[in-house]
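Hi there,

Here is the structure I promised to pass on to you. Have a look at it first, and then read my notes below.

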Amino acid sequence: MRTFFNVEDLGDLRAALAEAQEVKRDRFAFQHLGKNKTLLMIFFNNSLRTRLSTQKAAMNLGMNVIVLDVNAGAWKLETERGVIMDGDKSEHLLEAIPVMGSYCDIIGIRSFAGLTDREFDYAETIVNQFVQYSGRPVFAMETATVHPLQAFADLITIEEYRGYGGTEVRGYENSAKKCRVACGSAARRPKVVLTWAPHCRALPQAVPNSFAQWMNAADVDFVVTHPEGYELDPRFVGGARVEYDQRKAFEGADFIYAKNWSNPGVLNPADYGKITSKDMSWTVDSEHMSWTNNGKFMHCLPVRRGLIVTDDVIESKNSLVIPEAANREISAEVVIKRMLEAIHNA
């Protein structure tokens, strides 16, 4: 595997999920793959879970890890072609990228959407330059349009807790083990709902894009609900059912995945990246969760309490936000493991 941006890059999802459980049983079983290999993690934006989980995954595999925060301690990088560099940017990405590639074996890249130029963002201009010029395998640690490590971790979590009743889930390892026993392969197809929720800042669509893409590929009944005008790009939402009535979408749901996103500009490109709704009735509270089938609450974190979700929901026995975050280590390890295997087999 040379790149990891979309669900198709993993191939057979069932095999990938089985591999995730194998890795979870022994995180250090594949250290021979990473011996004398280096992962370079490049951050154009802030991070907590992605930084910690991906670095931990690489260390589990025996790798050396270099972390570069581009905005703190590096030259300011120009990303556009054909510009006269007479401003505050001292180095062009096209020189920086091959230099970075010479110091490592695999590159992880995190670069958010600017939310001002939809064409630039959705062309994935920055990360595609790393793929083209680094000479190294490249995986996304969130880009302008996708966050596949998060979506993979989300799917791992749903597989572990599907069909699992209202039992306390914060005791992560024990609960996940009980869940696998309780669910079994005969568990019914769960209903998973991606719901928009209000926010005070304009946020990118990367997490909901990837979540939609991965749920469409998974064995779930998937529904997306949001205010009219917030339609996600068809390349990600695909044929998923879109329901503008949030209550109707929540009815009978087993998993509620709450996430804000700014206007994707699908219906009106001029609205791209803007906040065109602040409807607080979309905040997930206990009443919303009462419409579900004893549903589990999910969110990628960080979360704005009182906007996305109320305290009682995120702190309830049905909140999966901590096990979900813990699975970020597992999703990253599977991806890096596969890249290392490709290097060894080359």
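Helix H1 (residues 13-25) and helix H13 (residues 321-345) are roughly perpendicular to each other, a label used for angles of 65 to 115 degrees, with under 35 degrees counting as roughly parallel, over 145 as roughly antiparallel and the rest as oblique. Their axes cross at roughly 110° and come within 9 Å. Axes here are lines fitted to C-alpha atoms, for helices over the stretch in contact, and the angles run from 0 to 180 degrees between N-to-C directions. Helices (H or I, at least four residues) and strands (E, at least two) are DSSP runs, numbered from the N terminus.

Before you go further, please note that this is a predicted model, where local features need pLDDT of at least 70 and side-chain atom pairs count only at pLDDT 80 or more, while totals for chains, interfaces and linings use all residues. Residues are numbered from 1 along each chain as its sequence is written, and side-chain values use heavy atoms, leaving out hydrogens and water.

Back to the helices. On the H1 side, Ala-15, Ala-16, Glu-19, Ala-20, Val-23 and Lys-24 meet Asn-327, Ile-330, Glu-333, Val-334, Lys-337 and Arg-338 of H13; contact means heavy atoms within 4.5 Å. The residues of this contact are six nonpolar, one polar and five charged. For these classes, Ala, Val, Leu, Ile, Met, Phe, Trp, Tyr, Cys and Pro count as nonpolar, Asp, Glu, Lys and Arg as charged, and the others, Gly among them, as polar.

H1 also packs against helix H6 (residues 148-161). Here the angle is about 80° and the axes are 11 Å apart, which makes H1 roughly perpendicular to H6. Among the residues making this contact are Leu-13, Leu-17 and Gln-21 of H1 and Phe-152, Leu-155 and Glu-159 of H6. By class, the contact has seven nonpolar, one polar and four charged residues.

Six bridges link strand E2 (residues 38-43) to E3, with Thr-38 partnered by Asn-64.

Another open sheet, also of five strands in parallel pairing, runs E10-E9-E8-E11-E12. Strand E10 (241-242) and strand E12 (296-298) stand at its edges with a single partner strand each, so one side of each has no neighbour in the sheet. H6 packs on this sheet, touching E8, strand E11 (255-259) and E12.

How many residues of strand E8 (residues 191-196) are buried? Six of the six are, so E8 is largely enclosed by the rest of the structure. Buried means under 20% relative accessible area, exposed over 50% and partly exposed in between (1.4 Å probe, protein chains only). E8 is joined to strand E9 (residues 221-225) by five bridges, and Lys-191 has Asp-221 as its bridge partner.

Finally, the largest nonpolar core has 57 residues, and Phe-139 and Trp-214 are among those that touch the most other members. Such a core is a set of buried Ala, Val, Leu, Ile, Met, Phe, Trp, Tyr and Cys residues joined through side-chain atoms within 4.5 Å. A second, separate core of 19 residues includes Ala-197 and Val-303.

Best wishes

Note on methods:
Pairing = 2+ DSSP bridges.
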